[in-house]
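Please keep the sequence and the structure to hand while reading.

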Amino acid sequence: MHATPLTIGRTFGVALDDEDDFLAQLGAFCAEYGIRSAYIPMFLGGFHSVQLVGTCDPIADPSAPVWAATEYTTLEALGSGTIAWDEETNALAPHIHVAVGLKGQAAAGRTSHLLGGRVQFISELFVVEVVEPVMTRPKLGPHKVPTLRFSQPSSPAAIQ
């Protein structure tokens with residue numbers, strides 16, 4: 001386990017518009033405001049389409065991550081996540097999970113990691129900046145899973 005106190009910075013409300021690419025707009029927002037570490041306590045809204053981690057194929061190794069994508073259309077969503085920095089690619093590395101209801105299928109639900117999505121009508125989210133420590137997402141372990149890590153904090157109160 002890795003844990004540390006977080007020094008919180010600015011808090012933003014962000015409203016994405018119809019047809020916006022959710023992850024691209026999140027990246028543009030973070031670039032505009034200089035955010036590399038943050039968390040999204042929640043967001044809600046609709047999607048024309050989403051790509052989620054999942055498969056209908058048999059999983060050969062249940063202890064390995066699934067990298068395949070499934071796509072769904074016309075749905076409502078509720079989600080949350082973290083935003084960290086991938087030092088290897090020098091790019092933003094969001095980790096967002098969603099619970100979605102398929103509107104045309106009696107709101108049948110799906111829950112998984114968000115790979116991409118195109119907003120329908122609106123998506124409202126809150127982004128809370130983490131000033132310290134810097135959160136990174138190196139690829140660790142035998143499956144090279146992007147994993148949240150914290151830079152060395154300036155406060156000795158951190159738990160390692």
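This is a predicted model: local features need pLDDT of at least 70, side-chain atom pairs count only at pLDDT 80 or more; totals for chains, interfaces and linings use all residues.

The largest nonpolar core has 26 residues, and among these Phe 22, Leu 26, Leu 125 and Val 127 touch the most other members. Two or more residues each are given to this core by strand S1 (7-17), helix H1 (22-33), S2, strand S3 (69-86), strand S4 (91-102) and strand S5 (108-132). The largest contribution is that of S2, which supplies six residues.

**Nonpolar core**

- In soluble globular proteins, nonpolar side chains tend to be buried together.
- Val 127, one of the core residues that touch the most other members, has contacts with Arg 10, Thr 11, Phe 12, Val 14, Leu 26, Phe 29, Ile 35, Ala 38, Tyr 39, Ile 40 and Ile 83, when residues up to four places away in sequence are not counted.

**Largest pocket**

- The volume of the largest pocket is about 400 Å³, and the residues that line this pocket number 16, with Trp 67, His 95, His 113, Val 145 and Pro 146 lying nearest its centre.
- S4, S5 and strand S8 (145-146) are the elements that give two or more residues to the lining of the largest pocket, and the largest share, four residues, comes from S4.

- The side chain of His 48 makes a polar contact of 3.2 Å with the side chain of Glu 19.
- Beyond its neighbours within four places in sequence, His 48 is in contact with Asp 18, Glu 19, Tyr 72, Thr 73, Thr 74, Arg 118, Val 119 and Gln 120.
- Ser 49 is likewise placed in strand S2, and its relative accessibility of 9% means that Ser 49 counts as buried.
- With residues up to four places away in sequence left out, Ser 49 touches Glu 71, Tyr 72, Thr 73, Gly 116, Gly 117 and Arg 118.

- Once neighbours within four places in sequence are set aside, the contacts of Leu 92 are with Leu 26, Gly 27, Cys 30, Ile 35, Arg 36, Ile 83, Ala 84 and Trp 85.
- Although Leu 92 and Arg 137 are 45 residues apart along the chain, a separation of 9.1 Å is found between their C-alpha atoms.

**Arg 149 in strand S9**

- Arg 149 is located in strand S9, which consists of residues 149-150, and with a relative accessibility of 26% Arg 149 counts as partly exposed.
- Leaving out residues up to four places away in sequence, Arg 149 touches His 2, Val 134, Met 135, Thr 136, Pro 138 and Leu 140.
- Between Arg 149 and Val 128 there is a separation of 21 residues in sequence, and the distance in space, C-alpha to C-alpha, is 17 Å.

Methods:
Residues are numbered from 1 along each chain as its sequence is written. Side-chain values use heavy atoms; hydrogens and water are left out. A polar contact is a pair of N or O atoms within 3.5 Å; within protein, one must be able to donate a hydrogen and the other to accept it, and residues adjacent in sequence count only if both atoms are side-chain atoms. Contact means heavy atoms within 4.5 Å. A nonpolar core is a set of buried Ala, Val, Leu, Ile, Met, Phe, Trp, Tyr and Cys residues joined through side-chain atoms within 4.5 Å. Buried means under 20% relative accessible area, exposed over 50%, partly exposed in between (1.4 Å probe, protein chains only). On a 1 Å grid over the protein atoms alone, a cavity is a set of points where a 1.4 Å probe fits but cannot get out, and a pocket is an open set with protein on both sides within 12 Å along at least five of seven lines; lining residues have an atom within 4 Å of a point. Grid points are joined across faces, edges and corners, and a volume is the space filled by probe spheres set on the points.
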